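Please look over the sequence and the model shown below.

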Amino acid sequence: MRTPLVVANWKMHGTCAEARTLALGVREGLQGVEGVEVVLCPPFTALAAVGGVLAGSRLGLGAQDAHWEAAGAFTGAVSPAMLVELGCRVVILGHSERRQHFGERDEMINQKVRAALAHGLTPILCVGEREEERERGATFAVVETQLRGGLAGLGAAEVARVVLAYEPVWAIGTGRNATPEQAVEVHAFLRGLLGEAASKEVAQAARILYGGSVKPDNVGPLIAEPEIDGGLVGGASLRAPEFAAIVRTVGAAGGGRP
Ligand code: PGA
């Protein structure tokens, strides 16, 4: 059975003071909600503040990226060990904005996935096609390359610890979410690839999140699909009532997925 997961990706939003207020709002807004796991991923600078707010709650803390080395001359980078020290359990890797604006390639993302796993973090590996790629029918090829690249060299036990997020680039921050049908066909395809990369059991137990303009008013039909195990939420995660509404809908859709 797969427990649904909703992850808030705050991106580069929020001073420590703002992040603390938002985290408090989310914590309060989610009291009593069951059947869903929730992780907040603030900017690095707000991790300690948000971790303090979440202490003693069931909400988890995560980061938006990590370097693959434990330490060294990598100006501006943050290592997995530093994230673990701050209480992070999860790290988003290979987000399309990292690929687009920071030149991240599958090989680099693979190094990050391995480092995160080695430090006990749960990587959320993001894959997704650009609009032009979808239009020319390359969606499956693109996500296959990203998935195989991101998981290269991992054993089945390691693959089992990875969460996937399917985020079509054309749906991120655009207000245009993928339809449940569009998401389901990619999720099912990714699950099939996980079966090849690891095993049928690992694929069946893996959580595959959908991301891209998830909002309170579109999450219902998405989470009604057993293939969709939760959401990676950007814009709507910056407003506590909206984010709480999304999480409540996911929780209410019923705990374990078959
Ligand atoms: P969005 O972002 O919800 O604002 O589309 C999702 C993401 O980038 O993870």
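In this predicted model, strand β7, residues 208-211, pairs with β8 through two bridges, and the two strands run in the parallel sense. One of the residues involved is G211, whose bridge partner in β8 is L232. Strands of a sheet pair through backbone hydrogen bonds, and the pairing may be parallel or antiparallel.

How many strands close into the barrel, and in what order? There are eight, and the order is β1-β2-β3-β4-β5-β6-β7-β8, with parallel pairing. From one strand to the next, the twist averages 25°.

Now turn to the helices.

Another pair to look at consists of two helices. Helix α5 covers residues 106-118 and helix α7 covers residues 139-150; they pack at an angle of about 45°, and their axes are 8 Å apart. Because of this angle, α5 counts as oblique to α7. On the α5 side the contact is made by D106, N110 and V113, and on the α7 side by T145, Q146, G149 and G150. Sorted by class, the residues of this contact are one nonpolar, five polar and one charged.

Two loop residues have a backbone angle worth checking. Most residues other than glycine have a negative phi. K11, in the loop between β1 (5-9) and α1 (16-29), has a positive phi, near 55°. S213 is not a glycine either, and its phi is positive at about 55°. This residue, S213, sits in the loop between β7 and α11.

Which element gives the most to the lining of the largest pocket? It is α4, with four residues. By class, the lining of this pocket has six nonpolar, four polar and four charged residues.

Two cavities of 30 Å³ or more are found in the structure. The largest cavity holds about 50 Å³ of space. Its lining is formed by Y210, V214, V219, L222, I223, I228, G230, G231 and V250. Both α11 (219-223) and β8 (230-233) supply at least two residues to this lining, and α11 gives the most, with three. Of the lining residues of the largest cavity, seven are nonpolar, two are polar and none is charged.

Around it are G94, H95, S96, R99, C126, V127, G128, Q146 and E167. The elements that give two or more residues to its lining are α4 (96-102) and β5 (122-127). How do the residues of this lining divide by class, and how many are charged? Two are nonpolar, five are polar and two are charged.

Some elements and residues link these parts of the picture. Helix α4 gives residues to the lining of the second largest cavity and also to that of the largest pocket. Q146 takes part in the contact between α5 and α7, and it also lines the second largest cavity.

Note on methods:
Residues numbered from 1 in each chain as written. Predicted model: local features only at pLDDT ≥ 70, side-chain atom pairs only at ≥ 80, totals over all residues. Heavy atoms only, no water. 1 Å grid on protein atoms, 1.4 Å probe; cavity = no way out; pocket = protein on both sides within 12 Å on 5 of 7 lines; lining within 4 Å. Points joined across faces, edges and corners; volume = space filled by probe spheres on them. Nonpolar A, V, L, I, M, F, W, Y, C, P; charged D, E, K, R; others polar. Pairing = 2+ DSSP bridges. Axes fitted to C-alpha atoms, helices over the stretch in contact; angles between N-to-C directions. Parallel < 35°, antiparallel > 145°, perpendicular 65-115°, else oblique. Contact = heavy atoms within 4.5 Å.
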